[in-house]
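Look over the sequence and the model below before reading on.

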Amino acid sequence: MTSDMRFRIVVVVAAFGLSMVTGYAASQTASHGLASPESFAGIADSDARSAAMFTELGKVLTHPRCVNCHPAGDRPRQGDEGRPHQPPVTRGTDGHGLAAMRCSSCHGNANFEPGRIPGHPEWHLAPREMGWEGKSLAEICAQIKDPARNGGRKVEELIHHIGEDTLVGWAWQPGFGRSPAPGTQKQAGALVEAWAKSGAACPAR
């Protein structure tokens, strides 16, 4: 083997190693935190305070980890760029994919790091009426409060759904190469609870 060939191999291996380290760092680096409900205490108007807390929660709701599974259409998105899912799957009648290509065909009970495939026992798309890709925070807020568009939940039930549901919680443990949602699931749950208890007001836009 010539020295030039050895050099090229070393360069390729080094570049691959650097990409692996960079991807690992991106997946392990703590994301930006979320403000606590108490930090909004200085806002005297209760509706304005409630809306401000939802705006903070919006950092999670509009993050790719959430939007990718709440698409505007029938095809999920993936990656931090929100690119169309490959292979080109669609939701099917139950959100778990078509009969010929179910979500569970590739997505297991947990993240499969060697293949960079995310996983959870209930991996599926949010119902079509719960899609909020491309919507403003005001539109998402109105949607998330509407039982006809939030899975039949009362506002108070969103506290558990966002703060404790394990599929939602995947957003903070997305695995190799994917940035986690901001803060922690516990912080997001605290914001939802404070928002709900303060009147569940929506931001103006």
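Is Arg102 buried, partly exposed or exposed? Arg102 counts as partly exposed, because its relative accessibility is 30% and the middle class lies between under 20% for buried and over 50% for exposed. Keep in mind that this is a predicted model.

Arg102 has a charged partner. Its side chain meets that of Asp94 in a salt bridge, with N to O at 2.8 Å. Asp94 is partly exposed, at a relative accessible area of 39%. In general, side chains of opposite charge can pair when their charged atoms come close.

How many salt bridges does a search of the whole structure find? The search finds nine. One of them joins Asp80 and Arg65, whose side chains meet at 2.6 Å, N to O. This pair links distant parts of the chain, 15 residues apart. Asp80 sits in the loop between β1 (77-78) and β2 (83-84), while Arg65 belongs to helix α3, residues 64-67. Arg65 is buried, because its relative accessible area is 5% and buried means under 20%. Asp80 has a relative accessible area of 36% and is partly exposed.

Another salt bridge is formed by Asp74 and Arg91, with the closest N and O atoms 2.7 Å apart. Asp74 lies in the loop between α3 and β1, and Arg91 in the loop between β2 and β3 (97-98), so this bridge ties together parts of the chain that are 17 residues apart in sequence. Asp74 is partly exposed, with a relative accessible area of 31%. Arg91 is buried, with a relative accessible area of 5%. The pair also belongs to a network of salt bridges, which links Asp74, Arg91 and Arg128.

The loop between α3 and β1 also holds Asn68. Is Asn68 buried or exposed? Asn68 counts as buried, because its relative accessibility is 5% and the limit for buried is under 20%. What does the side chain of Asn68 reach? It reaches the backbone oxygen of Gly79, at 3.0 Å. Leaving aside residues up to four places away in sequence, Asn68 touches Pro76, Arg77, Gln78, Gly79, Gly82 and Leu125.

Note on methods:
Residues are numbered from 1 along each chain as its sequence is written. This is a predicted model: local features need pLDDT of at least 70, side-chain atom pairs count only at pLDDT 80 or more; totals for chains, interfaces and linings use all residues. Side-chain values use heavy atoms; hydrogens and water are left out. A salt bridge is a side-chain nitrogen of Lys or Arg within 4 Å of a carboxyl oxygen of Asp or Glu. Helices (H or I, at least four residues) and strands (E, at least two) are DSSP runs, numbered from the N terminus. Buried means under 20% relative accessible area, exposed over 50%, partly exposed in between (1.4 Å probe, protein chains only). A polar contact is a pair of N or O atoms within 3.5 Å; within protein, one must be able to donate a hydrogen and the other to accept it, and residues adjacent in sequence count only if both atoms are side-chain atoms. Contact means heavy atoms within 4.5 Å.
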